[in-house]
Amino acid sequence: QVQLVESGGGLVQPGDSLRLSCAVSGRTFSSVTVGWFRQAPGKDREFVAAINRSGYTTNYADSVKGRFTISRDNAKNTVYLQMNTLKPEDTAVYYCAARRSLIAVPSRDHEYDYWGQGTQVTVSS
């Protein structure tokens with residue numbers, strides 16, 4: 001009973017920034033933990049970042065630490081992924097996912113129950 005819609009992807013050059021949005025509906029927004037995952041061509045889906053219901057517990061993949069920031073705005077029922085200093089290896093389809101809220105924020109895709117349709121991020125010169 002949770003629907004997620006990603007937006008904000010696009011084609012950018014290395015070093016540029018993008019902000020992805022994940023609009024959540026169908027359940028009280030504050031009751032879900034939300035994560036971002038990505039899948040590049042020929043690769044498995046990988047964890048990017050996650051945030052719990054409080055917004056004060058986050059988890060990041062090592063590959064994006066210091067460059068990406070996950071945040072949430074309960075009033076807008078939206079989770080954001082601010083992506084700075086983008087690299088070609090960040091090119092992927094980015095998905096947001098949700099699950100029942102936990103204190104911890106899991107990094108495995110199988111821990112999440114609801115998924116958006118994905119948004120393409122392409123980083124190329």
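Reader: Which residues does Y94 touch, not counting residues up to four places away in sequence?

Author: Y94 touches E6, L20, W36, F37, R38, V48, F68, L81, M83, G118, T119 and V121. Contact here means heavy atoms within 4.5 Å. The model is predicted, so local features need pLDDT of at least 70 and side-chain atom pairs pLDDT 80 or more, while totals for chains, interfaces and linings use all residues. Residues are numbered from 1 along each chain as its sequence is written, and side-chain values use heavy atoms, with hydrogens and water left out.

Reader: What makes a set of residues a nonpolar core, and which members of the largest one touch the most other members?

Author: A nonpolar core is a set of buried Ala, Val, Leu, Ile, Met, Phe, Trp, Tyr and Cys residues joined through side-chain atoms within 4.5 Å. The largest such core has 35 residues, and W36, V48, F68, I70, L81, M83 and Y94 touch the most other members. At least two residues of this core come from each of β3 (18-25), β4 (32-39), β5 (46-51), β7 (68-73), β8 (78-83), β9 (92-100) and β11 (119-123).

Reader: Why is S101 called buried?

Author: Buried means under 20% relative accessible area, exposed over 50%, and partly exposed in between, with a 1.4 Å probe and protein chains only. S101 has 12% relative accessibility and therefore counts as buried. S101 lies in the loop between β9 and β10 (114-115). Leaving aside neighbours within four places in sequence, S101 is in contact with S31, V32, T33 and R53. S101 and V32 are 69 residues apart in sequence, yet 4.2 Å apart in space, C-alpha to C-alpha.

Reader: How do you know that S21 is buried?

Author: The relative accessible area of S21 is 16%, so S21 is buried. S21 belongs to strand β3. Beyond neighbours within four places in sequence, the contacts of S21 are V5, E6, S7, W36, T78, V79 and Y80.

Reader: Where is T85 found, and what makes T85 partly exposed?

Author: T85 is found in the loop between β8 and β9. With a relative accessible area of 45%, T85 is therefore partly exposed. T85 also has a positive phi of about 50 degrees without being a glycine.

Reader: How many helices and strands does the protein chain contain?

Author: The protein chain has zero helices and 11 strands. Helices (H or I, at least four residues) and strands (E, at least two) are DSSP runs, numbered from the N terminus.

Reader: Why is the protein chain called as compact as a globular protein of that length?

Author: The radius of gyration of the protein chain is 13 Å, close to the 14 Å that the globule rule gives for 125 residues, so the chain is as compact as a globular protein of that length. The radius is taken over C-alpha atoms, and the rule is 2.2 Å times the number of residues to the power 0.38. Along its principal axes the C-alpha trace spans about 40 × 25 × 25 Å. Of the 125 residues, 44% count as buried.
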